Amino acid sequence: MNTRTTRTIAAALSLTAALAISGCSSSDSGSTTDGKTKPALTVSGAFMPEPVNDKMAGAFMVIKNDSKTADKLTAVTSPLSDDLQIHETKDQKMQQVQSLDVPAGGELKLERGGDHIMFMGLKNKPNVGDKITVELRFEKADPVKVELDVKERTYNAQNSNAH
Ligand code: CU
């Protein structure tokens with residue numbers, strides 16, 4: 001008795017998988033979606049306030065995680081500096097941390113007075129209007145390239161009160 005009528009209905013749910021993965025094909029080893037769902041991360045509002053000198057600069061943005069898999073920001077690289085750090089702010093003092101959580105279905109906010117990315121030592125001093133490329137590395141998601149807009153020193157994404 002052979003039942004060849006068993007039909008599996010392939011429920012192809014193409015959710016957020018097709019987020020612009022076009023463009024510069026960085027050497028991508030390994031397959032992308034074989035059963036495992038990598039977090040789909042999107043970055044918005046990325047900027048760097050024009051630094052005062054070439055010693056350090058901060059970078060701010062919102063990293064959104066639309067997947068059900070929690071991830072972590074683990075490293076940042078940029079042609080502008082060989083030493084990028086991930087900082088958090090505790091009791092108004094910033095300190096380096098190994099990673100920052102990007103919660104499932106949530107977001108990681110990098111903002112003034114809070115968690116942020118810090119360039120330690122710049123190869124040159126960026127000016128307002130410049131664009132700085134950074135690459136964000138995550139524990140699970142593929143690296144994400146982001147362009148930081150260099151903004152006025154007082155610029156703030158949300159108009160939270162400066163102090
Ligand atoms: Cu810092």
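I take a nonpolar core to be a set of buried Ala, Val, Leu, Ile, Met, Phe, Trp, Tyr and Cys residues joined through side-chain atoms within 4.5 Å. Buried means under 20% relative accessible area, exposed over 50%, and partly exposed in between, with a 1.4 Å probe and protein chains only.

Ground rules. The model is predicted, so I note that local features need pLDDT of at least 70 and side-chain atom pairs count only at pLDDT 80 or more, while totals for chains, interfaces and linings use all residues. Residues are numbered from 1 along each chain as its sequence is written, and side-chain values use heavy atoms, with hydrogens and water left out.

Entry 1, core. I looked up the largest nonpolar core and found 29 residues. Those with the most contacts inside this core are Ile63, Leu73, Phe119, Leu136, Phe138 and Leu148. I then listed the contacts (heavy atoms within 4.5 Å) of Leu136, leaving aside neighbours within four places in sequence. Among them are Val43, Met61, Ile63, Leu73, Ile117 and Val146. For background, nonpolar side chains tend to be buried together in soluble globular proteins.

I counted zero helices and 10 strands in the protein chain; helices (H or I, at least four residues) and strands (E, at least two) are DSSP runs numbered from the N terminus. Of its 163 residues, 32% count as buried. Among contacts between residues at least 6 apart in sequence, 70% join residues at least 24 apart.

Which residues coordinate the copper ion? I find His87 (ND1), Met94 (SD), His116 (NE2) and Met118 (SD), at 2.1 to 2.2 Å. Donors here are N, O and S atoms within 2.8 Å of the metal (3.2 Å for Na, K and Ca); water is not among the atoms, so sites may look incomplete. The angles among the four donor atoms are 100 to 114 degrees, and the site is tetrahedral, a label that requires all angles of four donors to lie between 85 and 135 degrees. The donor residues are spaced H-x6-M-x21-H-x1-M in sequence. His87 lies in strand β4 (residues 84–90) and Met118 in strand β8 (residues 116–120), so this pair ties together parts that are 31 residues apart in sequence. His87 is buried at 5% relative accessibility, and Met118 is buried at 8%.

Glu88 is buried, with a relative accessible area of 15%. Its side chain makes a polar contact of 3.4 Å with that of Lys90. I use polar contact for a pair of N or O atoms within 3.5 Å; within protein, one must be able to donate a hydrogen and the other to accept it, and residues adjacent in sequence count only if both atoms are side-chain atoms.

I checked both faces of β7 (residues 107–110): Leu108 and Leu110 are on the covered one, Glu107 and Lys109 on the uncovered one. Strand β2 (residues 56–65) pairs with β7 in the antiparallel sense over four bridges; pairing requires DSSP to find at least two bridges. Lys64 stands opposite Glu107.

The C-alpha atoms of Asp149 and Gly129 are separated by 6.5 Å, with the two residues 20 apart along the chain.

Methods
Four donors count as tetrahedral if all angles lie between 85 and 135 degrees; four count as square planar and six as octahedral if opposite donors are over 155 degrees apart and all others between 65 and 115; anything else is irregular.
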